[in-house]
Amino acid sequence: MGFLSPIFVIFFFLGVKVHCQYETYQWDEDYDQEPDDDYQTGFPFRQNVDYGVPFYQYTLGCVSECFCPTNFPSSMYCDNRKLKTIPNIPMHIQQLYLQFNEIEAVTANSFINATYLKEINLSHNKIKSQKIDYGVFAKLPNLLQLHLEHNNLEEFPFPLPKSLERLLLGYNEISKLQTNAMDGLVNLTMLDLCYNHLHDSLLKDKIFAKMEKLMQLNLCNNRLESMPPGLPSSLMYLSLENNSISSIPEKYFDKLPKLHALRLSHNKLQDIPYNIFNLPNLVELSVGHNKLKQAFYIPRNLEHLYLQNNEIEKMNLTVMCPSIDPLHHHHLTYIRVDQNKLKEPISSYIFFCFPHIHTIYYGEQRSTNGQTIQLRTQVFRRFQDDDDESEDHDDPDNAHESPEQEGAEGHFDPHYYENQE
């Protein structure tokens, strides 16, 4: 018995220890208990003292030169920090803002891990085309939006990812375009090339034709002398201001039925086909600051027409509106005709053809000797609602006030010109 006693004591203590372990761990606590409000998720959170918004405690990473908002952990702000190079971008970043820096080059090393990037803003830097590593953007398969405006680019960037939807290249020095540089941009919906050095020879191969989803094309402030050829039928907004375009070919817009806004101001247009702008969805048309001498047909859905700074001496309403359909009124509401050569206001017939019109801005007109003249009414405007129109219709004093009473603006009465006669 003397030998068995120590062994018995050892087994006794071992049994007590095992029993205590099972007693301490309650198996049913893992399944039938109520949810624990203090349960910690896989990502450690630290409470933001100022806003009370939980954020990732640098689990995903943010480079020291930049700022990653607590409530937008996939965005990284590196703008206005006098950066000369692009920092290495963490893998999880989707929106990257690097505008207003002093960056001169775009190297592949910066984006080697950032394959989830959807938006890059590199505007307002000092980037040159030869300083962009070949294919650096093409290796980003999720990129949707790329800002490179206000840089020193001499060439259209190539290649670019097929995923790209919005490309902004305005305010550069682009005068070169590689062959087939735009062929792969089949998902592009918006392209901004304003304020560059583009000329007609770069566009002669119908470089935009394969962009079947393109809705907005900005080519303002370039060196174009003719209308760009081969535009896709998907186009809704076309900006061509501040070029040297002198004519529009017949039937040019026949393949652009969705065109919603067309801006052709500050060009050299003189004689254009009177029916050239007869587009079913055109709402805004700007042809100011040209050399037009006569009006043209106004499409039914057009609402805003800008004709300022031309050579028009008389608004021919028969050309603008050859017939009146009581069931399908024209939608024109605003006309700007200042700085032309009009000698008298537009005929009152305009209110029958365009019953929705509420403003005609005459401003100052130019005489044949170049001096400025003013018509009796600089701004003709109707303010009252349709419900009040019947009440004020018989009272010309309520319907129209002189410019002296109302500054440069006045209510207008559809029968005003008839009353003056």
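## Burial and the aromatic residues

A residue counts as buried when its relative accessible area is under 20%, as exposed when that area is over 50%, and as partly exposed in between. Phe-296 has a relative accessibility of 2% and therefore counts as buried. The model described here is a predicted one.

## Aromatic pairs

Seven aromatic pairs are present in the structure. One of them joins Tyr-171 and Tyr-195, whose rings are stacked, with 4.2 Å from centre to centre and 10° between the planes. This pair connects distant parts of the chain, since its two members are 24 residues apart. Tyr-171 belongs to the loop between strand 7 (166-168) and strand 8 (190-192), while Tyr-195 belongs to the loop between strand 8 and helix 2 (200-203). Tyr-171 is partly exposed, at 39% relative accessibility, and Tyr-195 is likewise partly exposed, at 35%.

Phe-277 and Phe-296 form a pair with ring centres 5.0 Å apart; the planes meet at 65°, so the arrangement is edge-to-face. Phe-277 counts as buried, because its relative accessibility is 0%. Both rings also belong to one aromatic cluster, which consists of Tyr-252, Phe-253, Phe-277 and Phe-296.

His-147 is part of strand 6, which covers residues 145-147. With a relative accessible area of 10%, His-147 falls under the 20% limit and is therefore buried.

Beyond its neighbours within four places in sequence, His-147 is in contact with Glu-119, Ile-120, Asn-121, Leu-122, Ser-123 and Leu-168. For one of these residues, Leu-122, the separation from His-147 is 25 residues in sequence and 5.5 Å in space, taken from C-alpha to C-alpha.

## A nonpolar surface patch

On the surface, a nonpolar patch is formed by Ile-324, Tyr-349 and Phe-352. Together these residues have about 270 Å² of accessible area.

Terms used
Residues numbered from 1 in each chain as written. Predicted model: local features only at pLDDT ≥ 70, side-chain atom pairs only at ≥ 80, totals over all residues. Heavy atoms only, no water. Patch = residues over 30% accessible without salt bridge, like charges linked within 9 Å, V, L, I, M, F, W, Y side chains within 5 Å. Areas by Shrake-Rupley, 256 points an atom, 1.4 Å probe, with all protein chains shown as cover. Salt bridge = Lys/Arg side-chain N within 4 Å of Asp/Glu carboxyl O. Helix = DSSP H or I, 4+ residues; strand = E, 2+ residues; numbered from the N terminus. Buried < 20%, exposed > 50% of the residue type's maximum accessible area, 1.4 Å probe, protein only. Contact = heavy atoms within 4.5 Å. Phe/Tyr/Trp six-rings, centres within 6.5 Å; stacked < 30°, edge-to-face > 60°.
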